[in-house]
Amino acid sequence: MERVVDLDEAVLEVERRRNRWEEAGLTVGPVTWRDEEQKWPQQLERDRTTVAKSDSLGVVLTGLGGELSVVLFRGGWTDVDYFAGIDDAGALPTSEIDSAATFGDQLDSYVTRVFGPLADVAH
């Protein structure tokens, strides 16, 4: 898979937001990594140092009546699934991710879509 996004930079976008999300009442799960070099089925790892060739990272946020699962692939796309209520769940449309900063912007939009604005929390 072609490397479009540096996942080690992209994980910093998650970590930069973690405190704000937690202060707003969300539970932020550990970041998970998938190693392209592992045989199928590939296991998700929490420890980045055990992953020789990362091809994706993922994170799950829960709380405030919802759940959001985001997986970023180094090829520049995301899989985003959510639950925001009995009649509001599924996959969110995504756009091409060409940098860690773009991923951070997309994270903000996903969180707002699922959990509402977190503007009352200090940045």
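This is a predicted model: local features need pLDDT of at least 70, side-chain atom pairs count only at pLDDT 80 or more; totals for chains, interfaces and linings use all residues.
**Exercise 1. Decide whether Arg18 is buried or exposed, and find what its side chain meets.**

Step 1. Locate the residue. Arg18 sits in helix H1, which covers residues 7–23.

Step 2. Read the accessibility. Arg18 has 15% relative accessibility, so Arg18 counts as buried.

Step 3. Look for a polar partner. A polar atom of the Arg18 side chain lies 3.1 Å from the backbone oxygen of Val28.

Step 4. List the contacts. With neighbours within four places in sequence left aside, Arg18 is in contact with Val28, Gly29, Pro30 and Val31.

**Exercise 2. Describe the largest nonpolar core: how many residues does it have, and which of them have the most contacts inside it?**

Step 1. Give the count. The largest nonpolar core has 30 residues.

Step 2. Name the residues with the most contacts inside this core. They are Trp21, Leu57, Leu61, Leu68 and Phe103.

Step 3. Trace the elements. At least two residues of this core come from each of H1, strand S4 (54–63), S5, strand S6 (77–85) and helix H2 (100–115).

Step 4. Pick the main supplier. H2 gives the most, with 7 residues.

Step 5. Follow one member. Leaving aside neighbours within four places in sequence, Trp21 contacts Val14, Leu26, Val28, Leu61, Leu107, Val111 and Leu118.

**Exercise 3. Classify the ring pair of Phe73 and Trp77.**

Step 1. Count the pairs. There is 1 aromatic pair.

Step 2. The ring centres of Phe73 and Trp77 are 5.1 Å apart, and their planes are at 20 degrees. Planes under 30 degrees apart count as stacked. The pair is therefore stacked.

Step 3. Check the exposure of each partner. Phe73 is buried, at 9% relative accessible area. Trp77 is partly exposed, at 39%.

Step 4. Turn to another ring. Arg48 lies over the face of Trp33, 5.0 Å from the ring centre.

Methods: Residues are numbered from 1 along each chain as its sequence is written. Side-chain values use heavy atoms; hydrogens and water are left out. Helices (H or I, at least four residues) and strands (E, at least two) are DSSP runs, numbered from the N terminus. Buried means under 20% relative accessible area, exposed over 50%, partly exposed in between (1.4 Å probe, protein chains only). A polar contact is a pair of N or O atoms within 3.5 Å; within protein, one must be able to donate a hydrogen and the other to accept it, and residues adjacent in sequence count only if both atoms are side-chain atoms. Contact means heavy atoms within 4.5 Å. Rings of Phe, Tyr and Trp (its six-membered ring) pair if their centres lie within 6.5 Å; planes under 30 degrees apart count as stacked, over 60 as edge-to-face and the rest as tilted. A charge sits over a ring if NZ of Lys or CZ of Arg is within 6 Å of the ring centre and within 35 degrees of the ring normal. A nonpolar core is a set of buried Ala, Val, Leu, Ile, Met, Phe, Trp, Tyr and Cys residues joined through side-chain atoms within 4.5 Å.
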